[in-house]
Amino acid sequence: MTRQTLHLEAITFDLDDTLWDNHGVMVATETGHYEWLDEALHEWVSRNGRTFSQRFVEQFPLECFERRRRALARAHPLRRGDFTWLREQALRELLSEHGLDPAMAEQWARRAMARFMELRHQVAPHPEVEALLVELGRHYRLASITNGNVDVQRLALGRHFPVAIAAGELLAPKPDARPFLAALAQLGTAPSRALHVGDSWREDVEPARRLGMQVAWISPHVDDLPLPPGIYRLDHVRELPALLRRLGQKAPE
């Protein structure tokens, strides 16, 4: 029996730009939490009779925050995929340089990250995703594997994913094989019996393929060049049921 015709037992999903469009969410989250920090900190400073030569965002525009995160990722390569840690550490450093004592810098960094996470989870899954996961869950064991810092259990969709792997928190972001191996181990499924669904060739397709998984690659607006065996290109996750049917697998109607 070839790999293409093996009976699938499990499907693993990337989240960002697979189950929802992530660009707008990240823009709103990035600017929103930083503006919130600047405004809330300014109000706190005014109420407490403190003075600084500049407002926080004037001294450290958003691009400074982005550069600091990148510098921290280079300085701490094991943490390069732990985006929550990188963000909070960068905020803590900038707030200290702004003039806050270490305890207050830590407190304000945590508050800003709480606002970040609130905004970060305001995602809008594609309209088809809820019904798709309900039906797939009747036939397959499901898991999510993400490099992002969305906690899928905070979303309504989380109930469909009894296994949820946050690769950055494992200090092994995709394309590392370990997030996939962790998911497969918890699912109790061999790679040859699993399909991974994701949008990134480097972070989804290549590592899953190396392990022997089949892959549904969400990649609209590319040509139809031949793909390696076991890799199937889709324009959108809504096309997954049709792919499963072509592969002779159980699929939602």
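This briefing covers the aromatic ring pairs of the structure and the charged side chains placed over rings. The model is predicted, so local features need pLDDT of at least 70 and side-chain atom pairs count only at pLDDT 80 or more, while totals for chains, interfaces and linings use all residues. Residues are numbered from 1 along each chain as its sequence is written, and side-chain values use heavy atoms, with hydrogens and water left out. The count comes to seven aromatic pairs, where rings of Phe, Tyr and Trp (its six-membered ring) pair if their centres lie within 6.5 Å, and planes under 30 degrees apart count as stacked, over 60 as edge-to-face and the rest as tilted.

**F13 and F161**
- The ring centres of F13 and F161 are 6.0 Å apart and the planes stand at 70°, so this pair is edge-to-face.
- The pair links distant parts of the chain, 148 residues apart, with F13 in strand β1 (residues 10–13) and F161 in the loop between β2 (141–146) and β3 (163–166); strands (E, at least two residues) and helices (H or I, at least four) are DSSP runs, numbered from the N terminus.
- F13 is buried at a relative accessible area of 0%, and F161 is buried at 1%, where buried means under 20% relative accessible area (1.4 Å probe, protein chains only).

**Y34, F56 and their cluster**
- The rings of Y34 and F56 have centres 5.6 Å apart and planes at 55°, and the pair is therefore tilted.
- Y34 belongs to helix α1 (residues 23–47) and F56 to helix α2 (residues 56–59).
- Y34, F56, F60 and F65 form one aromatic cluster.

**Charges over rings**
- R69 lies over the face of F65, at 4.6 Å from the ring centre, under the rule that NZ of Lys or CZ of Arg is within 6 Å of the ring centre and within 35 degrees of the ring normal.
- The charged end of R111 sits over the ring of W108, 4.3 Å from its centre.

Notes:
Buried means under 20% relative accessible area, exposed over 50%, partly exposed in between (1.4 Å probe, protein chains only).
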